[in-house]
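Subject: Structure handover

Hello,

Here is the structure I promised. Please open it alongside this note; my findings follow.

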Amino acid sequence: MNISDMEKHICASSWTSDEVLNNHRTLCLDHRGRFSASPNAASAAEFIQKTLQGYGLDNARKDYFPMITWTRGETRLSMVEPSSAEYPCIALPYTPSCKNVLELVDAGMGHPEDLAKVPGGVTGKAVLVEDSNPPSGPGYHRLHKYLFAKNAGAAAFVFASTSSGMLAPTGSLAFNHNGDIHQAIPAVGIAAEIASEFRWWLQTHTVQLKFEMQHSLQAGKDCNVIADLTGSAQSQNMVIVCGHYDGHDISQGAVDNASGTAVVMETARLLAPIQDYLNCSIRFVLFGSEEMGLVGSHYLAETMKTELNNIRFVFNLDCVGNPGQLGILLQNCPELIDFYTKTAKDFPSDIRVSTHFVPFSDHFPFLMRGVPASFMATSGTEGRGWGHTLADTFEKVSGETLNRISMHTARLVLHTTQAAVWPVKSKSPDQIADMITNSHMKHLLEHENHWIF
Ligand SMILES: [Zn+2]
């Protein structure tokens with residue numbers, strides 16, 4: 001079978017099936033949230049494993065890893081001065097338990113210069129930080145802002161949404177390790193409207209907030225789900241197609257990342273019948289505990305240490321349920337721009353190829369080890385969209401989007417396996433260290449004892 005016949009199979013098979021839509025709905029509604037190490041995550045892993053087995057993949061398996069799990073308990077945030085009220089909020093995963101009253105100060109966007117400008121300093125106080133960044137200048141992530149606040153001496157971190165709708169954002173306090181956070185300070189997410197009220201009081205008063213939280217940390221485990229298409233490929237080369245199946249306990253995790261999970265599974269279903277014609281094998285991975293700090297992908301990258309040189313490319317799908325264009329963001333391999341631009345253009349498609357760097361997802365542990373890797377997401381919402389909020393629900397993701405993105409992904413993977421010459425090599429540790437340093441990630445990795453260079 002030549003590549004054009006294989007593409008015809010992919011297109012026909014994707015557009016004549018509602019399998020990907022049904023899998024997406026199952027992940028959202030039968031295994032909702034899929035929070036790290038929870039019963040819903042375990043049942044989702046079981047569903048993914050069985051489904052991939054049914055598609056004819058080899059050795060569909062769960063690969064367990066140890067981790068520090070975090071269980072949400074009670075959280076209460078109330079104002080003690082100058083008014084008296086309780087506010088809805090979400091404790092950010094890995095926040096410690098606490099019971100204290102702290103003065104609140106407004107630190108704007110929470111960049112180091114914003115913290116330095118707070119009258120009277122931030123030491124021993126709760127800092128209010130919003131989730132946005134200036135249009136130009138460094139775009140810091142929640143985790144950077146948390147670290148800046150902690151290093152400046154803050155005693156609590158209040159992370160505010162800037163989108164209306166009473167939606168508090170969640171998100172873990174760990175990035176590259178599994179939760180045993182050194183000197184963690186309590187952290188909560190609040191809606192934009194609550195932050196507006198706090199700022200109103202702060203104009204004329206000293207504000208005292210009471211934090212009461214009860215959460216627990218435990219040594220536990222979680223798993224990745226892995227399955228292979230080996231076909232009759234003779235070469236050692238391998239392509240990885242992956243995404244995380246875990247989500248946050250406050251929502252269905254429909255865009256982030258039941259969408260990526262369903263598309264990875266569908267890509268496997270589309271390619272399984274033609275596996276004997278593929279020139280290299282494909283490993284499909286659905287990661288656990290991405291939202292807790294890339295725990296599953298760090299574990300896999302470490303356990304595949306001796307095979308990393310054989311990996312041609314990593315496709316990491318994270319948030320592909322928005323209705324817009326599919327972006328393939330080449331993380332450490334700008335040499336591949338021409339290859340993927342040509343592959344996209346050979347076919348009526350709406351794929352955007354770029355080299356924009358996004359370190360906060362499961363390709364990162366592979367990228368760090370020099371493996372050519374991409375981050376794939378669809379456009380269609382401002383900023384993070386509904387992700388990490390209660391409103392990340394199934395009806396926002398259409399069957400048309402899931403079919404279209406699966407078809408494009410399967411085509412991109414097919415062209416990657418069939419390329420006679422692969423125009424990129426693994427990067428050296430020095431090259432990767434330079435790249436990460438230039439992207440403001442070095443101090444975060446050092447803080448988490450994860451600077452491997
Ligand atoms: Zn995600």
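**Zinc site**

The site of the zinc ion is irregular, with angles of 52 to 149 degrees among its four donor atoms. For reference, four donors are tetrahedral if all angles lie between 85 and 135 degrees; four are square planar and six octahedral if opposite donors are over 155 degrees apart and all others between 65 and 115; anything else is irregular.

Before going on: this is a predicted model, in which local features need pLDDT of at least 70 and side-chain atom pairs pLDDT 80 or more, while totals for chains, interfaces and linings use all residues. Residues are numbered from 1 along each chain as its sequence is written, and side-chain values use heavy atoms, without hydrogens or water.

The protein donors are His-244 (NE2), Asp-256 (OD), Asp-318 (OD) and Asp-318 (OD), at 2.0 to 2.7 Å from the zinc ion. Donors here are N, O and S atoms within 2.8 Å of the metal (3.2 Å for Na, K and Ca); water is not among the atoms, so sites may look incomplete. Their spacing along the chain is H-x11-D-x61-D. His-244 sits in strand E11 (residues 238-244) and Asp-318 in the loop between strands E13 (311-317) and E14 (326-330), so the pair ties together parts 74 residues apart in sequence. Helices (H or I, at least four residues) and strands (E, at least two) are DSSP runs, numbered from the N terminus. His-244 and Asp-318 are both buried. Buried means under 20% relative accessible area, exposed over 50%, partly exposed in between (1.4 Å probe, protein chains only).

Arg-283 is in strand E12. Arg-283 has a relative accessible area of 12%, so it counts as buried. Among the residues that Arg-283 touches are Arg-61, Asp-228, Met-304 and Glu-307. Contact means heavy atoms within 4.5 Å.

Helix H8 (residues 295-303) has buried residues including Val-295, His-298 and Leu-300. The buried residues of H8 pack against strands E1 (58-71), E10 (216-229) and E12 (281-287), and against helix H10 (364-368).

**Strand E7**

Val-158 lies in strand E7 (residues 156-160). Val-158 is buried because its relative accessibility is 0%. Leaving out residues up to four places away in sequence, Val-158 touches Leu-104, Val-127, Leu-128, Val-129, Val-188, Ile-190 and Phe-211.

Best wishes
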